[in-house]
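Hi everyone, thanks for coming along. Please have a look at the model on the screen, and then I'll walk you through a few parts of it.

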Amino acid sequence: MTKSRLENLNDEAILDVQQQKQVLKIIASITLVVFIPLGIKNILIGEIMLGVVLLAFEISLLLEITALIYNKKSLLGHYIPLALIVMSAVLAIKIFGTLATYWLYPIIISIIFLLPRSEAIVTNFILISSAGFAAFMHQDFTVTIRYLLSLIVTTIIVHVVVGAIRNLQQELRSLLVTDAMTGAYNRHELPTILTRTLKKHPCSCIVIIDIDNFKSVNDHYGHDVGDKVIIRIVDIIRAHTSDEELLFRLGGDEFLLVVQGQEQDSVLTLMNRLNKKIRQAEYPQDLSMTISSGIAQSQPFEEIKEWMKRADLALYQSKHQGRDRTSVNVNHIEPPFELCEQGTISRASST
């Protein structure tokens, strides 16, 4: 893996956004059918506190789910409905005894699936402890211990299964967005990342990088040596770039570096430094390797493909002028549309 990760790559969610919305709608429908009648029933039979807590839980849950689905942001947070469901479960066990304990199993499983791991562990610990204490008032001690053990075992098993699913999803997400050989990002996520970069950092640059004379390395020494050369060069680039600089493999020996929030003067300095490091590095078969690159700074109202085309033209300029150098595609931008401060830029810089 590269040292920086794409946004949401580390997310603990098992489901994607669309699936989460569908699950939330199902949960809202089920709880609406179950908890509203239960709340009303408990109020009618005189268990007013339990009934009010159940209704408060359902109202808070529906408000939160509605906000998440339609406004795409939290309204109350999940702690309020979570506290209310725990309180209602403990009250139900205290009032109705063993009959109410069976509701804890679906509640515990739902909490593990829906909450981050640490929050689910804490919540279920509180729920199981409180429920055990309440059940002890209605049951024999040995029966209560067996009940608690069954809850604990269920919780552990579901945590293990959900943890395995999350780890597998993390690996699959990583394989989806990274190149298996080099660890650089692949081009699958590039359009999304470039669009996101322009929204967050209007003044940004891309650099298209090509390894000079790489075909001759494969022809004379074989693809295994060629692969080692590529990996070595990628390692050098990663070692001398920051988390804000994302490296993508476009294919073969061609790469694209996204430099977020930096103008072309700074990026030119960075590439000059990388050119020197790569030129001075050691490679298999005592090869001497260099790179050529082309820089293009973002411009207002420009399509992604045009931005990449300008970087490609700058790369062509570097190749045409003898390789082992970085060129900058310079287009004049009239104020007030200038996105970042401009300095003196060399169209081609030999290093």
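Predicted model: local features only at pLDDT ≥ 70, side-chain atom pairs only at ≥ 80, totals over all residues.

Residues are numbered from 1 along each chain as its sequence is written, and side-chain values use heavy atoms, with hydrogens and water left out.

Let's begin with the cores. By nonpolar core I mean a set of buried Ala, Val, Leu, Ile, Met, Phe, Trp, Tyr and Cys residues joined through side-chain atoms within 4.5 Å; buried is under 20% relative accessible area, exposed is over 50%, and partly exposed is in between, with a 1.4 Å probe and protein chains only. The largest one has 36 residues, and Ile-85, Ile-93 and Leu-104 are among those with the most contacts inside it. Helices H1 (17–44), H2 (48–71), H3 (79–96), H5 (104–114), H6 (117–136) and H7 (141–177) each supply at least two of its residues. H3 gives the most, with eight. Helices (H or I, at least four residues) and strands (E, at least two) are DSSP runs, numbered from the N terminus.

What does Ile-85 contact, leaving aside neighbours within four places in sequence? Its partners are Phe-35, Phe-57 and Ile-107, where contact means heavy atoms within 4.5 Å. There is also a second, separate core of 31 residues, including Leu-247 and Tyr-283.

Now the second largest pocket. On a 1 Å grid over the protein atoms alone, a pocket is an open set of points where a 1.4 Å probe fits, with protein on both sides within 12 Å along at least five of seven lines, and lining residues have an atom within 4 Å of a point. Here 17 residues form the lining, with Leu-38, Ala-92, Phe-96, Ala-100 and Trp-103 nearest the centre. H1, H2, H3 and helix H4 (98–101) each supply at least two lining residues.

Finally, the single residues. Gln-285 has a positive phi near 60° without being a glycine, and sits in the loop between helix H11 (264–280) and strand E5 (291–297). Phe-301 also has a positive phi, about 65°, in the loop between E5 and helix H12 (304–320). Is Phe-301 buried or exposed? Phe-301 is exposed, because its relative accessible area is 75%. Ser-130, in H6, is partly exposed at 25%.
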